[in-house]
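Let's take a walk through a protein together. Keep the sequence at hand and follow along in the 3D view.

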Amino acid sequence: MATVNLKEVMEAVQKKIYTADSSTSDLQDLIYLLKGAKRGDGTMVQQVASTSSLPDLTDSAADTEMIAFVQDEGKLYFKQDSSGTTVWKTYTDPSPSGTQAQGSTSGYTSGGNSGPGDKGIIDKFPFSADANATDVGDLSLGRGSGAGSSSSASGYTHGGLTPPSPPVKNTIDKFPFASDGNATDVGDLTAARYILAGHTGPTHGYASGGNTTGPTSDIIEKYSFSSDGNATDVGDLTAARYGTVGQSSENNGYTSGGNNGSINVNTIENFPFSSDANASDVGDLTVARNQGSGQNSADNGYMTGGQSSNVIDKYPFSSNADATDVGDMTTTRSNAAGQSSSTHGYASAGTPGNSNIIEKFPFSSDANATDVGDVTVGRYGAAGQQV
């Protein structure tokens with residue numbers, strides 16, 4: 001009988017548990033799934049009310065109960081040998097703080113501008129294979145130069161630019177990951193703006209910087225993933241700028257590059273997800289530029305491209321440090337959308353022209369990007385999401 005990697009099964013199911021709603025049948029469904037996925041030796045999951053109800057490991061009758069779901073904690077416990085002693089052990093959510101700063105299934109490219117008009121297209125492409133995108137829905141209104149964030153269940157596109165008047169939008173759109181469908185307008189930013197950054201926190205989406213109908217913005221604002229509503233102003237960047245690019249670690253949002261109204265800047269700054277606070281300058285890009293795209297591995301932030309640039313920059317999340325040039329995009333490209341899987345960074349669409357390229361680069365080694373597919377319509381200024 002084929003063997004099963006129990007740790008991989010556990011991590012996949014635990015991640016699903018963190019996205020389930022305990023008021024529904026989701027958790028019971030997970031139990032049934034685990035019971036159907038027996039290990040090679042025939043052992044299976046059981047369900048207990050609390051950790052005090054976990055079987056006595058000295059009881060031989062418990063030998064077949066290798067996995068237990070503890071209801072009051074909403075966690076899985078596994079029998080594991082530790083230094084010669086069998087113990088019950090649980091694991092934390094395998095995704096950083098439950099965020100979707102990295103996806104495991106698909107990347108999304110939403111909105112954009114193709115020159116003759118603004119597009120509301122939502123495209124989806126797979127992470128598991130190099131392939132073209134498919135059109136899976138539309139934004140509530142066509143627009144470009146917005147930014148994106150991702151909860152475990154939905155993609156968000158905020159801000160942007162489109163006629164008719166007023167051309168600059170404050171719209172926050174949400175579309176589902178579980179099924180292909182159109183986005184709905186679920187709230188407003190505190191101010192209408194475009195060419196801004198997007199960030200994904202554990203419980204909120206964030207927007208920073210951008211151009212407004214008046215002065216360039218230094219605003220950092222957030223909106224909730226758990227309920228539809230307007231954004232709130234929670235802090236300021238170190239300086240107002242537009243054309244900013246967003247990255248997200250487990251604990252912080254990062255805003256890199258941009259233009260302060262007169263020149264491009266190379267600033268990298270971050271702000272905390274755990275509290276509402278201003279950003280701090282933590283390093284510099286290798287090249288001052290704006291309107292690039294942002295990606296993030298578990299350990300590093302990346303800024304790719306930008307005006308007159310094909311550079312892939314990388315900087316660490318673990319310490320404040322300058323970025324290093326680790327590779328090149330397939331072409332000099334700006335205004336692309338950024339997406340992140342657990343293993344690769346992606347950039348889709350962009351300029352010059354109305355690019356339809358989807359390209360990716362590895363997180364495991366410093367290397368150039370490769371062209372892996374096309375979006376359905378060539379365009380620039382789209383927003384990126386992932387699941």
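This is a predicted model: local features need pLDDT of at least 70, side-chain atom pairs count only at pLDDT 80 or more; totals for chains, interfaces and linings use all residues.

Strands of a sheet pair through backbone hydrogen bonds, and the pairing can be parallel or antiparallel.

Start with the sheet whose strands follow the order β13-β14-β16-β17. This sheet is open, has four strands, and is paired in the antiparallel sense. Which strands form its edges? They are β13, covering residues 197–200, and β17, covering 232–236, and each of them pairs on one side only. As you step from one strand to the next, the twist averages 25 degrees. Now zoom in on β13 and its partner β14, which spans residues 204–208: four bridges link this antiparallel pair. To see the pairing for yourself, find H199, which stands opposite Y206 in β14.

Strand β28, made of residues 357–362, runs antiparallel to β29, and four bridges join the two. A handy pair to look for is K360, which stands opposite T370 in β29.

Now let's look inside. The largest nonpolar core contains 10 residues, among them A147, I172, L196, A207 and F225. What does L196 touch, once its neighbours within four places in sequence are set aside? Its contacts include A147, L189 and A207, and these three also belong to the core. L196 is in contact with other residues too, including S145, H158 and T244.

Is N270 buried or exposed? Its relative accessible area is 13%, and a residue counts as buried under 20%, so N270 is buried. Leaving aside neighbours within four places in sequence, N270 is in contact with N252, G253, Y254, N278, A279, S280 and V282. One of these, Y254, also makes a polar contact of 3.5 Å with N270, side chain to side chain. For a sense of distance, find G246: this residue is 24 residues from N270 along the chain, and their C-alpha atoms are separated by 9.7 Å.

Key. Residues are numbered from 1 along each chain as its sequence is written. Side-chain values use heavy atoms; hydrogens and water are left out. Two strands pair if DSSP finds at least two bridges between them. Axes are lines fitted to C-alpha atoms, for helices over the stretch in contact, and angles run from 0 to 180 degrees between N-to-C directions. A nonpolar core is a set of buried Ala, Val, Leu, Ile, Met, Phe, Trp, Tyr and Cys residues joined through side-chain atoms within 4.5 Å. Buried means under 20% relative accessible area, exposed over 50%, partly exposed in between (1.4 Å probe, protein chains only). Contact means heavy atoms within 4.5 Å. A polar contact is a pair of N or O atoms within 3.5 Å; within protein, one must be able to donate a hydrogen and the other to accept it, and residues adjacent in sequence count only if both atoms are side-chain atoms.
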